[in-house]
Amino acid sequence: MTFNVRAIAAGAVAVCLASAVSAKAEDLVFTLTNGTSSVLTEFYTSPTGVDNWEADVLGRDVLNPGESATVTISDGRSVCNYDMRFEFTEDSDLTTTTDTQNLCDLGDYTIHE
């Protein structure tokens with residue numbers, strides 16, 4: 001019995017590509033806790049390396065001191081590293097804060113002063 005190595009290799013590559021294309025990006029879910037004494041008014045995320053921030057995750061909501069909220073990022077991307085930007089009320093002593101995290105491994109995140 002003779003095997004065509006090129007045909008077998010091409011078939012293996014096709015199966016791998018089909019699996020990769022059919023793989024669906026999973027939603028990234030974590031609990032965000034405001035561990036500061038200020039009201040968190042805006043929270044932005046963006047995949048690391050993207051020049052612009054995505055829409056404000058909180059929308060019209062705010063996160064008061066000590067409060068937590070479940071954050072779901074369902075942007076269809078299959079990346080884990082995201083930049084995060086936190087903004088507080090104007091009367092707060094806190095300035096805009098940024099951080100970068102692997103959201104695939106993150107179960108919860110607390111922002112501190």
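Contact here means heavy atoms within 4.5 Å. Keep that in mind for the first number. Among contacts in this protein between residues at least 6 apart in sequence, 64% join residues at least 24 apart.

A word on the source. This is a predicted model, where local features need pLDDT of at least 70, side-chain atom pairs count only at pLDDT 80 or more, and totals for chains, interfaces and linings use all residues. Residues are numbered from 1 along each chain as its sequence is written, and side-chain values use heavy atoms, leaving out hydrogens and water.

Now the layout. We have one helix and six strands. Helices (H or I, at least four residues) and strands (E, at least two) are DSSP runs, numbered from the N terminus. The order along the sequence is α-β-β-β-β-β-β.

Next, burial. Buried means under 20% relative accessible area, exposed means over 50%, and partly exposed is in between, with a 1.4 Å probe and protein chains only. Of the 113 residues, 27% are buried.

Look at strand β6, residues 108-111. In a regular strand the side chains alternate between the two faces of the sheet. Here Tyr-109 and Ile-111 point to one face and are buried. Strand β1, residues 28-34, runs parallel to β6, with four bridges joining them. Strands pair if DSSP finds at least two bridges between them. Thr-31 stands opposite Asp-108.

On to charges. A salt bridge is a side-chain nitrogen of Lys or Arg within 4 Å of a carboxyl oxygen of Asp or Glu. How many salt bridges does that rule give? The count is three. Arg-77 meets Glu-54 at 3.3 Å, N to O. Arg-77 lies in the loop between β3 and β4 and Glu-54 in the loop between β2 and β3, so the pair ties together parts 23 residues apart in sequence. Arg-77 also meets Asp-75, at 3.0 Å. Glu-87 pairs with Arg-85, at 2.5 Å. Shared partners join Glu-54, Asp-75 and Arg-77 into one network.

Last stop, Asp-83, in strand β4, residues 81-88.
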